[in-house]
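Good morning, colleagues. Please take a moment with the structure on the screen, and I shall then go through some of its local features.

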Amino acid sequence: MSNPVSHTGAARRPRDLRLDFFRGIAMFIILLAHTPGNTWTLWIPARFGFSDATEIFVFCSGMASALAFGAVFTQKSFALGSARIAFRVWQVYWAHIGIFLVTAIMLFAIDHYDLGNRAIPYIHGPYVVPLFEQTGEALIGLFTLTYVPGLFDILPMYLVILGMIPVIMLAHRVGGSALVFALMIGVWAMAQLAGYARVIGRLENPADWQLAIAEYGAALTWMNLPSFPWGDNTWFFNPFGWQLIFFTGFAFGMGWLPAPPVKRWLVILAAAYVLAIVPFAWFKIHGGQYLPSDLTLFGWSPHGWIDTTRDFIQPYWWKTWQGLGRFTHFLALGYLAWVAVGPGGVRLNEGYRAPGAVGPIGLAVAVAVIIAFLPHVLIAEVNAYAPGIEAWLLSIDWMGLTHVTEEGEHLLADPWQVGLYQLLFGVAALVLLWAATPPVWRQWLTRDAFLAAVPVIRKVGTQSLAVFMVSIPLARFNGWMMDVLERDLLTRTAVNLFGFAILIAVAYLVAWFKRQPWRDSARHASRGTAPAGAARPDQPGGSPVPAQRA
């Protein structure tokens with residue numbers, strides 16, 4: 001967030017390593033989130049807060065756009081800057097078309113050749129059925145961006161926001177940062193009203209104040225862009241709402257917003273806000289699994305209050321229109337991440353100091369938890385010798401451990417519904433494992449291993465568009481592999497790691513192509529010189545053939 005794009009100097013300043021690092025992390029999370037039936041998605045940040053990896057991607061894309069395009073506007077001309085944006089929009093547009101067609105054909109082929117689970121029609125996942133049943137209308141909708149089914153909705157939102165950059169640059173030229181921020185907030189507020197007009201109008205018994213807000217938004221429903229030619233569905237990511245987070249990143253990149261100060265009270269405030277959001281975002285809590293619906297404290301139901309409050313503040317955490325709660329949650333989370341990597345991202349170059357050994361009290365608690373919950377982990381073996389223990393544990397289970405099947409209730413939790421007992425057992429096991437790890441190994445994990453991973457993650461973030469393009473069909477391919485190989489812990493782990501490896505390979509391959517190594521040989525040939533390390537005719541062992549013909 002420092003060293004903004006200036007009006008003088010080089011055309012483009014070096015990329016911020018934090019930008020590519022966090023965007024790379026977002027690419028891995030997006031792959032997990034898009035993979036059908038992937039239990040790893042239960043542990044991505046989106047499950048514990050309102051914002052998710054999409055905010056990371058859009059915010060970082062805003063910063064990257066400032067670095068890539070801002071200097072063209074400020075140092076060249078508004079016309080050239082606009083032309084540069086138009087070219088990028090053109091690239092993203094065809095990337096979107098290509099992703100859709102490749103994914104749709106892959107899903108159709110799985111069904112057509114009966115390669116997957118017969119009970120699952122794969123073309124119904126992101127719903128590409130119209131392309132094969134109403135091809136003409138679907139193609140018109142695809143190319144006019146009026147047919148944007150789920151899974152294919154990020155790039156259309158991105159290219160519309162890209163098209164707003166010239167407007168923002170013109171606003172800054174006319175009225176400075178104040179006009180830019182007024183425009184950003186004004187367009188976002190209009191998108192919220194358009195969302196109210198759409199959502200409130202469908203409620204059975206809306207309140208009078210809700211109808212009043214919806215009435216103001218009735219004239220703005222054009223902002224809810226259509227995503228399906230045969231109905232009234234709209235884009236899942238409304239670009240007029242999401243531009244707020246994009247241009248926040250853009251403003252930091254351009255230097256219109258100063259880097260936030262590192263203050264203890266700000267860190268505490270941000271952390272407190274992130275934690276306060278967890279009960280309203282994590283389905284384990286507001287869904288009544290970790291906080292029983294029948295639990296009352298002095299006549300007050302915590303679960304009932306959380307559930308009611310969550311419904312009441314729904315516009316606050318809207319994803320389609322980028323609700324205020326999502327925006328503020330991302331700012332708080334982003335601030336904590338920004339502080340965690342240190343000034344200028346120094347921790348990404350130096351690593352972290354390993355936490356010390358666990359104290360005796362911590363070890364005692366961990367051992368007690370392990371002993372207390374061991375029957376839950378070995379419940380099958382326990383039942384073989386003492387069936388009554390499971391019945392007793394079931395009678396006191398209120399923390400989400402029970403799994404109901406056709407055969408009855410069992411303490412083996414559904415892998416999609418990991419209970420609180422398993423979480424506590426896992427944390428205790430990690431504490432004991434860390435205590436047993438030699439100090440040298442701890443330091444290796446937090447410094448050497450971390451520093452080895454940083455450049456790989458950054459490479460994925462640097463080539464985020466190409467990586468994202470591959471991740472869309474790859475996510476569906478991974479879901480298909482899980483269906484074919486059967487879903488268990490080992491299979492899910494192998495498939496997810498395979499997906500990560502593909503993203504990394506794509507990033508390095510694209511970076512290699514972008515370097516155009518063949519041009520080095522051509523340049524040397526045109527100058528009559530051999531590439532570095534090649535033998536020259538006037539040297540011992542050199543070939544008599546002229547270098548320009550090599």
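D114 lies in the loop between α3 (78-112) and α4 (129-133). In this model, which is a predicted one, the phi of D114 is near 55°, a positive value in a residue other than glycine. Most residues other than glycine have a negative phi.

Q516 sits in the loop between α20 (489-515) and α21 (517-526). The phi of Q516 is near 50°, again a positive value in a residue other than glycine. With a relative accessibility of 26%, Q516 counts as partly exposed.

Let me return to α3 and to its packing. The axes of α3 and helix α6 (residues 154-199) come within 8 Å and cross at roughly 170°. Angles over 145 degrees count as roughly antiparallel, and therefore α3 is roughly antiparallel to α6. On the α3 side, the residues in contact include F78, I85, V89, V92, Y93 and I99; on the α6 side, among them are L155, Y158, L159, L162, M169 and R173.

I turn next to a proline. P438 is found in the loop between α17 (420-436) and α18 (439-462). P438 has a relative accessible area of 33% and is therefore partly exposed. P438 and A357 are 81 residues apart in sequence, yet their C-alpha atoms are 9.2 Å apart in space.

Finally, a word on confidence. The mean pLDDT of the chain is 85, and 83% of its residues reach 70 or more. Where is confidence lowest, and where is it highest? It is lowest in strand β2 (residues 408-410), at a mean of 51, and highest in helix α8 (residues 239-254), at 97. Over residues 6-11 the pLDDT is below 50, and this stretch has nine contacts in the model beyond near neighbours in sequence. Residues 533-550 also stay under 50, and for them the model has 13 contacts beyond four places in sequence. Where pLDDT is low, the predicted coordinates should not be read in detail.

Thank you for your attention.

Technical notes: Residues are numbered from 1 along each chain as its sequence is written. This is a predicted model: local features need pLDDT of at least 70, side-chain atom pairs count only at pLDDT 80 or more; totals for chains, interfaces and linings use all residues. Side-chain values use heavy atoms; hydrogens and water are left out. pLDDT is the predictor's confidence in each residue, from 0 to 100. Helices (H or I, at least four residues) and strands (E, at least two) are DSSP runs, numbered from the N terminus. Contact means heavy atoms within 4.5 Å. Buried means under 20% relative accessible area, exposed over 50%, partly exposed in between (1.4 Å probe, protein chains only). Axes are lines fitted to C-alpha atoms, for helices over the stretch in contact, and angles run from 0 to 180 degrees between N-to-C directions. Angles under 35 degrees count as roughly parallel, over 145 as roughly antiparallel, 65 to 115 as roughly perpendicular and the rest as oblique.
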